[in-house]
There are 2 protein chains.
Amino acid sequence: MDFPLSDYLKDRKALVDAALDEALPGEANYPPVIFQAVRYSLLAGGKRLRPILCLAAAEAVGGDYRAVLPVACALEMIHTYSLIHDDLPAMDDDDLRRGRPTSHKVFGEAVAILAGDALLTEAFAQMSAADRMPRIPPDRILRAVHDIARAAGFWGMVGGQVMDIQSETAAADEETLLYIHTRKTGAMIGASVRAGAILVGAQTGEIEALAAYGRHVGLAFQIADDILNVEGDRMALGKGTGSDAVRGKLTFPQLMGLDASRIRMVDLIARALEAIRGFGPNAEPLRAIARYVAERKM
Amino acid sequence: MDFPLSDYLKDRKALVDAALDEALPGEANYPPVIFQAVRYSLLAGGKRLRPILCLAAAEAVGGDYRAVLPVACALEMIHTYSLIHDDLPAMDDDDLRRGRPTSHKVFGEAVAILAGDALLTEAFAQMSAADRMPRIPPDRILRAVHDIARAAGFWGMVGGQVMDIQSETAAADEETLLYIHTRKTGAMIGASVRAGAILVGAQTGEIEALAAYGRHVGLAFQIADDILNVEGDRMALGKGTGSDAVRGKLTFPQLMGLDASRIRMVDLIARALEAIRGFGPNAEPLRAIARYVAERKM
């Protein structure tokens with residue numbers, strides 16, 4: 001395995017960070033607090049996994065990854081809005097995120113709710129800016145927007161979050177846990193991969209293969225996150241470890257133990273790699289990312 | 001003036017209500033509470049002003065109003081999400097909406113936040129469902145989606161709500177009040193009218209005239225709402241009257257008195273009618289709606 005993933009991730013993250021900074025209005029705009037709040041959360045330095053997967057999927061089917069950058073940025077806006085709302089006192093009531101005080105701790109609850117609303121809305125403004133994607137036919141853009149909206153709403157991420165909240169007081173079972181993980185995290189990771197492929201004109205078979213890759217990687221990523229929550233160190237995650245257990249949150253390690261969780265994760269990564277076996281060298285970044293997730297480094 | 005507005009509004013409202021009911025998944029879906037919550041707020045029987053304006057604008061430029069129904073429904077979903085979030089304890093902390101307990105009173109704060117998020121997201125899923133608008137070219141749909149997203153986000157409705165929250169503790173001045181009203185209510189009313197026209201292929205001049213109509217009617221509608229809040233009766237509005245004053249909220253009557261507010265509103269309606277003077281009989285519904293707002297009945 002020679003693929004220089006570390007350089008690749010660094011390069012793509014820099015590209016996404018610059019595009020996000022440029023996409024967001026400055027703090028001198030009116031009313032300043034909303035622009036301060038959205039910039040505070042969006043430019044807090046995440047891994048940019050979803051945008052990078054979107055770019056890598058476009059690349060994997062021979063497309064120009066730069067052409068899908070506005071949609072990649074929108075995916076990160078949707079992810080960030082979900083973190084802001086998840087952290088609210090009425091939800092997970094978290095004080096820290098990525099090592100910094102959460103939005104409502106800095107700006108108050110009302111502005112935090114509105115910052116999330118603004119980011120979700122702006123994501124769709126970015127995705128529908130046809131003049132910024134001149135080489136992509138409008139029908140493809142619409143198809144990607146629709147796919148992403150479905151993955152983000154009650155059938156996907158929001159539905160998963162609803163179940164996650166309810167599961168804290170419910171009895172643990174694998175079906176519920178799978179439901180939560182596949183929707184809360186998996187749906188948007190899958191949509192990120194699909195969107196990149198759809199936008200550059202991938203064939204149906206390619207999109208289906210990438211969708212399977214996205215499903216498996218998405219679930220593996222969440223199991224890795226569960227495992228890290230148990231055994232990771234506080235510095236690496238920027239939030240308290242063991243916090244899921246304290247909260248009585250349903251996780252894979254809690255349900256089946258650490259060893260079985262690791263086996264499950266590795267199996268999912270194998271399936272993700274199998275799904276894109278027919279792809280050429282352009283899919284190396286996707287393969288390397290999947291392996292990286294299995295090493296629980298992402 | 002012979003236009004049978006009452007019948008027209010009744011007919012269009014029935015059309016929109018049926019389409020909204022059909023667009024939303026039933027409460028038997030999983031997890032039930034999120035579908036219960038979105039249906040509770042969306043099907044609570046509003047006036048459907050924004051969807052009706054969208055349909056009427058399509059009609060005004062000679063288009064088929066039925067063709068734009070998915071977008072009209074999406075506008076009501078965005079409006080309803082904004083009401084759910086505005087009512088939250090961290091925002092206006094309202095217990096009643098349209099004469100019924102607010103979403104967070106019935107479902108709790110977490111589900112209310114998520115129901116708003118789900119409605120905003122589903123609005124974009126509806127708007128981007130190209131197969132449901134087979135006669136509208138994708139580039140027009142994208143343009144309408146972009147226009148609506150801009151009107152709903154930090155440049156529009158969300159920005160206005162941020163200012164509204166901050167103004168409760170700030171000194172009253174007309175510039176701030178105009179800022180709030182033109183963005184919090186006016187932006188989405190304007191976008192509703194523009195979207196209807198854009199989707200059916202209106203000319204640039206027609207879209208500009210309708211945008212002006214929308215701006216004036218939107219601001220007049222908000223002044224009418226301010227006036228009703230002072231003098232209206234509790235039954236008609238389904239919420240406590242005088243509540244703005246109790247809350248120290250900035251309003252037109254408070255700033256310039258009731259008489260001057262009425263004069264301002266009537267002037268705005270006159271300008272709205274002037275903006276669409278060149279339109280033919282197809283614009284009668286828009287004209288009748290503007291006059292209806294001036295009578296503070298809508």
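In helix α3 of chain B, the buried residues run from Leu49(B), Arg50(B), Pro51(B), Ile52(B), Leu53(B) and Cys54(B) on to Leu55(B), Ala56(B), Ala57(B), Ala58(B), Glu59(B) and Ala60(B). Helices here are DSSP runs of H or I with at least four residues, strands are runs of E with at least two, and both are numbered from the N terminus.

Please keep in mind that this is a predicted model, in which local features need pLDDT of at least 70 and side-chain atom pairs count only at pLDDT 80 or more, whereas totals for chains, interfaces and linings use all residues. Residues are numbered from 1 along each chain as its sequence is written, and chains are lettered from A and ligands numbered from 1 in the order in which they are written.

Back to the helix: 12 of the 12 residues of α3(B) are buried, so the rest of the structure largely encloses it. Its cover includes α1, α4, α9, α10 and α15 of chain B, where contact means that C-beta atoms, placed from the backbone, lie within 7 Å. After α3(B) comes Gly62(B), which has a positive phi near 85°.

Now to the two chains together. Chain B is superposed on chain A by a rotation of 180° with 0.0 Å of shift along the axis, at an RMSD of 0.0 Å, using least squares on the C-alpha atoms of residues with pLDDT of at least 70 in both. The two copies are thus related as by a two-fold rotation axis. Within chain B, the residue that comes closest to this axis is Pro138(B), whose C-alpha lies at 2.8 Å.

Where do the chains meet, and how many residues take part? The contact takes 42 residues from chain B and 42 residues from chain A. On the chain B side, the elements giving two or more residues are α2, α6, α7 and α8, and α6(B) supplies the largest share, 12 residues. Moreover, 100% of the interface residues of chain B are also interface residues in chain A, so the copies meet through the same surface.

Finally, a look at chain A, which has 14 helices and 2 strands. Buried residues make up 54% of its 298 residues, and its C-alpha trace spans about 50 × 50 × 35 Å along its principal axes.

Technical notes:
Contact = placed C-beta atoms within 7 Å. Buried ≥ 20, exposed ≤ 12 C-beta atoms within 10 Å, placed from the backbone.
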